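Please read the points below alongside the sequence and the coordinates.

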Amino acid sequence: MWNSPKVGILGGGQLGRMLVESANRLNIQANILDADNSPAKQISSHDGHVTGSFKEPDAVRKLAESCDVITAEIEHVDTYALEEVASKVRVEPSWQAIRTIQNKFNQKEHLRKYGIPMAEHRELVNNTPEELAQIGEELGYPMMLKSKTMAYDGRGNFRVNSKEDIPEALEALKDRPLYSEKWAYFKMELAVMVIKTKDDVLSYPTVETVQEDSICKLVYAPARNVPDAINQQAQALARKAVSAFEGKGAFGVEMFLLEDNSLMLCELASRIHNSGHWTIEGCALSQFDSHIRAILDLPIPPKSLELLQPSIMLNIIGGATPDSHLKATEAALSIPNASIHLYSKGAAKPGRKMGHVTVTAATMHEAETMIQPLVDVVDTMRA
Ligand code: ATP
Ligand code: MG
Ligand code: MG
């Protein structure tokens with residue numbers, strides 16, 4: 001046995017909750033740092049949790065005292081506190097990796113050194129209209145103005161269609177550190193979950209992600225109508241990008257598949273990721289199982305990351321009314337082969353991820369047919 005290690009998790013949202021589900025099955029105690037009654041704490045009854053925020057150094061120090069290894073469900077954590085506790089407790093992935101990745105501009109500057117293809121981009125230093133207009137001249141329109149930090153679900157992105165949009169774009173992302181990206185004319189968005197272990201870099205099959213209003217809506221595993229060569233190339237690119245960082249655990253890599261079938265990195269995350277939720281039903285080991293095993297140096301048979309059955313994941317997102325997500329869930333109850341995951345996050349807000357549903361079937365076509373009625377329900381409930 002592995003002597004019952006304790007895992008500390010910064011953040012107790014839905015990703016932390018699904019990590020706890022995996023840890024529980026191995027009798028591994030997960031100590032969560034987050035508010036009381038956060039989704040992860042609700043399914044884990046013991047006295048090792050810490051109340052507070054992953055942005056508070058004192059709370060991170062307190063968590064470190066009771067754990068063998070610390071990890072994070074989110075990249076927007078206090079990496080200076082992690083750096084400090086790293087002398088006493090293992091931090092996986094490394095605080096250096098999280099620090100670089102949590103700033104999307106620094107992440108890209110780092111990955112550029114490793115030859116990872118990505119959209120051309122420019123840093124804004126003064127955030128003035130003149131500066132952005134100059135960048136617009138260089139990158140062309142449309143371009144995507146992005147916050148370097150604290151970005152998620154597209155909250156931090158602004159599409160600048162022309163010079164006329166510049167004042168509105170700067171107003172929308174006011175007081176944030178910014179950079180701007182050349183528009184990527186992709187035909188599809190792909191993602192790969194990578195698992196970094198003590199001596200290996202493994203990957204799950206390439207999936208197709210569909211974003212609506214910059215929020216992930218659907219994930220198709222495997223990516224539809226993508227030749228195996230591209231599936232393999234995307235996995236290789238994802239592994240190469242993740243290899244540029246130190247530390248163990250799951251990393252989510254988002255990519256663009258361009259018109260000419262070339263691949264470009266969109267961004268990566270130093271954690272379990274929405275594009276990997278399908279692995280709970282679609283593979284023998286889920287991304288959450290693999291993350292727990294990777295950070296504890298437990299074996300991960302590569303075969304356990306292979307696709308068992310075509311899978312489609314649909315996010316249940318807060319919609320037009322406070323109970324939209326419950327109506328969607330009710331509809332999911334009648335879908336064959338649908339696994340429902342609700343996150344118990346309390347009140348729904350438009351755009352808030354409240355749960356997800358995964359449908360598996362013998363063929364992708366069958367899975368598409370089965371999930372379509374639910375997609376229709378979700379579409380009528382959009383805010
Ligand atoms: P996440 O929730 O995945 O962390 P985020 O807020 O960090 O999202 P990005 O992943 O950078 O944002 O972008 C969100 C979406 O916006 C992408 O999935 C893609 O659909 C679109 N997008 C981002 N960058 C570009 C680009 N350069 N050109 C075209 N579309 C883009
Ligand atoms: Mg992001
Ligand atoms: Mg993204």
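C67 has a relative accessibility of 10% and therefore counts as buried, where buried means under 20% relative accessible area, exposed over 50% and partly exposed in between, with a 1.4 Å probe and protein chains only. The model is predicted: local features need pLDDT of at least 70, side-chain atom pairs count only at pLDDT 80 or more, and totals for chains, interfaces and linings use all residues. Residues are numbered from 1 along each chain as its sequence is written, chains are lettered from A and ligands numbered from 1 in the order in which they are written, and side-chain values use heavy atoms, with hydrogens and water left out.

**Cysteines**

- C266 also counts as buried, because its relative accessibility is 10%.
- The closest cysteine sulfur to that of C266 belongs to C216 and is 12 Å away, too far for a bond.
- With a disulfide taken as a pair of cysteine sulfur atoms within 2.5 Å, the count is zero.

**Ligand 1**

- Ligand 1 is surrounded by 20 residues, each having a heavy atom within 4 Å of it; the closest are K104, D153, G154, E189 and E267.
- This shell divides into eight nonpolar, four polar and eight charged residues. Asp, Glu, Lys and Arg count as charged; Ala, Val, Leu, Ile, Met, Phe, Trp, Tyr, Cys and Pro as nonpolar; and the others, Gly among them, as polar.
- At least two shell residues come from each of the strands β7 (143-147), β9 (178-182), β10 (186-196), β14 (249-258) and β15 (263-269). Strands (E, at least two residues) and helices (H or I, at least four) are DSSP runs, numbered from the N terminus.
- A polar backbone atom of D153 lies 2.6 Å from an oxygen atom of ligand 1, and one of A184 lies 2.9 Å from a nitrogen atom of the ligand.
- E254 places a polar side-chain atom 2.8 Å from an oxygen atom of ligand 1.
- Taken alone, ligand 1 exposes 620 Å², of which the protein buries 92%; these areas come from the Shrake-Rupley method with a 1.4 Å probe.

- Nine of the twelve residues of α1 are buried, among them L15, M18, L19 and S22.
- L26 sits in the loop between α1 and β2 (29-34) and counts as partly exposed because its relative accessibility is 26%.
- The C-alpha atoms of L26 and I292 are 9.5 Å apart, although 266 residues separate the two in sequence.

Notes. A polar contact is a pair of N or O atoms within 3.5 Å; within protein, one must be able to donate a hydrogen and the other to accept it, and residues adjacent in sequence count only if both atoms are side-chain atoms.
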